[in-house]
Each structure stands twice: as structure tokens, then as C-alpha cells.
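Reader: I would like a close look at a single part of this model, taken slowly and with the cut-offs stated.

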Amino acid sequence: MKKTIAFIATGSLVALATPAMAQSADSPFNGPRIGVIGGYDQTGAGSSIDDDSENNDNDQSIEGFGYGFEAGYDLDTGGAVIGIEGEYMDSTADTEFTNGDFESFGLGPVDSNRDLYIGLRAGAKVTPNTLIYAKGGYTNAKFDATTLDGENEYDTDFDTDGYRVGAGVEYAMDSGLYVKGEYRYSNYSEAEVDLPGDRPDIDQYDVDLDRHQVVASVGMRF
């Protein structure tokens with residue numbers, strides 16, 4: 001995780017240090033932007049999880065509607081558009097019984113909680129107002145779980161760390177509005193359990209969770 005954060009910080013400094021004279025002054029892909037996000041969200045067991053002796057592939061997953069907001073800053077250097085961005089999202093996805101099978105995917109009964117992301121993106125203009133891009137960075141997601149100790153019920157959080165990569169298309173309107181659609185994949189490889197009250201948290205341990213999202217965004221560039 002520390003290496004990922006260092007990569008993001010270094011890349012951000014390089015992007016922001018690009019000389020202003022190298023920018024395309026009339027480009028619709030320059031400057032800060034904010035927007036709202038919504039779309040399909042699925043989280044499931046990764047390839048290293050095997051909890052069924054008769055089936056080596058645990059395909060259990062939860063899915064729902066992901067929603068949130070984004071903010072970013074882009075520079076059009078003439079040959080490429082580079083930028084830094086961050087997101088805050090939530091999701092309606094939670095565990096449920098499907099055809100008599102409980103979809104726990106290794107964490108037990110959970111609801112998706114907030115999903116944080118910070119990263120870089122880089123792309124090329126295929127028309128003056130259309131950008132295709134790739135992105136990557138650090139993501140941290142929480143999942144809420146309800147546990148029982150025989151007498152009491154507790155709300156427990158799984159706090160997971162990982163990386164995200166993705167690709168998308170953005171269209172800039174003359175009014176400053178933009179719309180974009182993208183696919184992104186996240187993998188969470190570390191987690192810690194945040195226990196309620198004064199109970200000590202459980203330190204980081206290895207997990208393998210995959211997240212797939214197909215989302216659309218609408219926003220304004222300033």
C-alpha cells in the first residue's frame with residue numbers, strides 16, 4: 001500500500017509540474033472538475049479463495065447500485081491529457097440467499113459501505129471533445145458485518161486496501177459539462193477488522209476480493 005501511495009504522489013507532482021506553456025489553452029479537458037457517479041457494482045471472491053472442497057472456484061458475490069461523487073484536475077499537454085482524481089462512493093450491494101445458497105464470499109453477512117479512491121489517469125483525444133483514457137490508483141473499501149457472540153449483537157467493519165485500474169470515454173460539452181462512462185476493476189488484498197467499542201481491532205491480514213464496476217458520470221469543469 002505504501003508503494004502505491006508513493007507512486008500516486010510522485011505521478012501527481014509530475015503532472016502538476018507540467019509547464020503551463022505546454023497546455024492547450026482552448027482544450028475542454030483543462031482544469032478542475034467535479035461530478036456525480038452511478039452504476040453497476042459487484043464484489044466477490046478472488047481467485048485465491050477456496051471454501052468448497054468440490055469446487056475450487058468460489059464464485060460467490062454481492063451486487064447492487066454504486067453511487068457517489070468525484071473530483072479531479074486535468075492538464076491537456078497537447079499530445080495527451082493527464083490528471084489526478086479522487087472518489088467517494090457507496091453501494092446498495094449486500095449478502096443474500098440465492099437459490100438456497102448464502103453468498104458470503106469469505107467475509108460472512110456483509111453490506112457494502114463507503115469506497116474511497118485516489119489515482120491518476122492519462123488519455124488521448126480522438127476528437128476535440130472526446131477523450132479515451134486509462135486510470136489506476138489506490139482504493140480503500142469498507143464492508144459492514146453484524147456478528148453475534150451468543151448473547152450480544154455487534155456491528156463490525158472490514159476495512160480493506162487494494163488497487164484499482166480502469167478505462168473509459170469522456171465527452172466534453174461546450175457549456176463546461178461533461179459525461180463519461182468507464183469500467184474499473186479493483187482488487188483488495190489486505191484487510192483489518194474494526195471492532196465496536198473498546199474491543200481491540202484485528203490487525204491487517206491477507207484477503208483476495210475482486211470488484212467490478214461499470215459506471216457513468218455527469219459533471220462540470222471549471
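With which side chain does the side chain of Arg 33 make a polar contact of 2.8 Å? Please describe the surroundings of Arg 33 as well.

Author: The side chain of Arg 33 makes this polar contact, at 2.8 Å, with the side chain of Glu 85; a polar contact is a pair of N or O atoms within 3.5 Å, where, within protein, one atom must be able to donate a hydrogen and the other to accept it, and residues adjacent in sequence count only if both atoms are side-chain atoms. The model is predicted, with local features needing pLDDT of at least 70 and side-chain atom pairs counting only at pLDDT 80 or more, while totals for chains, interfaces and linings use all residues. Residues are numbered from 1 along each chain as its sequence is written, and side-chain values use heavy atoms, with hydrogens and water left out.

A polar contact of 2.9 Å also joins the side chain of Arg 33 to that of Asp 74. Arg 33 lies in strand β1, which covers residues 31–45; strands (E, at least two residues) and helices (H or I, at least four) are DSSP runs numbered from the N terminus. Arg 33 counts as buried because its relative accessibility is 2%, where buried means under 20% relative accessible area, exposed over 50% and partly exposed in between, with a 1.4 Å probe and protein chains only.

Not counting residues up to four places away in sequence, Arg 33 touches a set of residues that includes Glu 70, Asp 74, Glu 85, Arg 121, Tyr 178, Lys 180 and Phe 222, contact meaning heavy atoms within 4.5 Å. Across the protein chain, residues 24 or more positions apart account for 67% of the contacts with a separation of 6 or more.

For the setting of this residue, the protein chain comes to one helix and 10 strands, and buried residues make up 45% of its 222 residues.
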